[in-house]
Amino acid sequence: MSAGVEIVPGSRVTLHLSLTLADGTEALSTFGEEPLTLVVGDGTLQPGLELALYGMRAGDTETLRLRPDQAYGWPDPEQVHAVPRSDFPAPDQVTGGQVIGFALPTGEEVAGTVLEVGETMVQVDFNHPLAGHEIVMTTEVLAVQPPRAAHEETE
């Protein structure tokens with residue numbers, strides 16, 4: 001581990017990360033908590049967020065304002081689905097604005113935001129909650145290992 005190692009695809013990176021909306025609402029922060037460790041390209045972060053890390057080194061801090069197309073993209077209307085109200089564990093307690101975890105047939109879990117609750121159907125938005133938002137990303141890089149070292153450590 002060297003302070004001179006730049007973040008590139010495949011690097012193992014330990015960092016603090018904060019994502020806030022343009023209005024200052026905090027969506028995520030590891031500052032004051034355990035830092036995040038990831039391998040660049042492993043899917044932990046959106047590709048645009050990873051791209052913002054390229055070239056940074058241990059000890060670097062940066063705050064960037066990212067447009068929706070650079071961060072979580074734009075909402076896709078095809079990701080809004082009508083789900084039978086009876087499919088919910090507590091159908092009588094479903095309310096608009098709730099974020100609920102749904103299990104896919106693959107076993108993966110995806111979050112959906114309840115938009116509207118009807119008598120028999122519930123409109124659920126499966127777009128990422130930050131889609132369509134400008135994001136302010138603040139990072140503090142704590143450690144960087146080059147791709148080869150990151151690969152050897154996982155073996």
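The model is predicted, and local features are described where pLDDT is at least 70, side-chain atom pairs count only at pLDDT 80 or more, and totals for chains, interfaces and linings use all residues. Residues are numbered from 1 along each chain as its sequence is written, and side-chain values use heavy atoms, with hydrogens and water left out.

**Stop 1: the whole chain**

Start with a cartoon view of the protein chain. Its secondary structure comes to two helices and nine strands, taken as DSSP runs numbered from the N terminus (helices H or I, at least four residues; strands E, at least two). The C-alpha trace spans about 60 × 40 × 30 Å along its principal axes. Of the 155 residues in the chain, 34% are buried, where buried means under 20% relative accessible area, exposed over 50%, and partly exposed in between (1.4 Å probe, protein chains only). Counting contacts (heavy atoms within 4.5 Å), residues 24 or more positions apart account for 65% of those with a separation of 6 or more.

**Stop 2: strand S1**

Now select residues 12–21, which make up strand S1. Nine of the 10 residues of S1 are buried, so the strand is largely enclosed by the rest of the structure.

Which strands run antiparallel to S1?

- S9 (residues 135–145), joined to S1 by 10 bridges; look for Leu-17 with its bridge partner Thr-139.
- S3 (residues 36–39), joined to S1 by four bridges; here Leu-15 stands opposite Leu-36.
- S2 (26–29), joined to S1 by three bridges; here Thr-20 has Glu-26 as its bridge partner.

Between S1 and S2, the hairpin has four residues, and Gly-24 takes a positive phi near 100 degrees.

**Stop 3: Thr-20**

Zoom in on Thr-20. Is this residue buried or exposed? Thr-20 is buried, with a relative accessible area of 16%. Leaving aside neighbours within four places in sequence, show its contacts: Thr-25, Glu-26, Ala-27, Glu-134, Ile-135 and Val-136.

**Stop 4: the largest pocket**

Rolling a probe the size of a water molecule over the atoms shows where empty space is left. Select Leu-17, Leu-19, Ala-27, Leu-28, Leu-36, Thr-44, Leu-45, Gln-46, Leu-49, Tyr-72 and Leu-130 to see the lining of the largest pocket. (On a 1 Å grid over the protein atoms alone, a pocket is an open set of points where a 1.4 Å probe fits, with protein on both sides within 12 Å along at least five of seven lines; lining residues have an atom within 4 Å of a point.) About 150 Å³ of space lies in this pocket. S1 and S2 each supply at least two residues of the lining. By class, the lining divides into nine nonpolar, two polar and no charged residues.

**Stop 5: the four-stranded sheet**

Finally, colour S5, S8, S7 and S6, which form an open antiparallel sheet in the order S5-S8-S7-S6. S5 (80–84) and S6 (99–103) stand at the edges with a single partner strand each, so one side of each is left without a neighbour in the sheet. From one strand to the next, the twist averages 45 degrees, with angles running from 0 to 180 degrees between the N-to-C directions of lines fitted to C-alpha atoms. S7 (residues 109–117) and S8 (residues 121–125) pair over four bridges. To end the tour, pick Thr-113, which stands opposite Asp-125 in S8.

Terms used
Two strands pair if DSSP finds at least two bridges between them. Grid points are joined across faces, edges and corners, and a volume is the space filled by probe spheres set on the points. Ala, Val, Leu, Ile, Met, Phe, Trp, Tyr, Cys and Pro count as nonpolar, Asp, Glu, Lys and Arg as charged, and the others, Gly among them, as polar.
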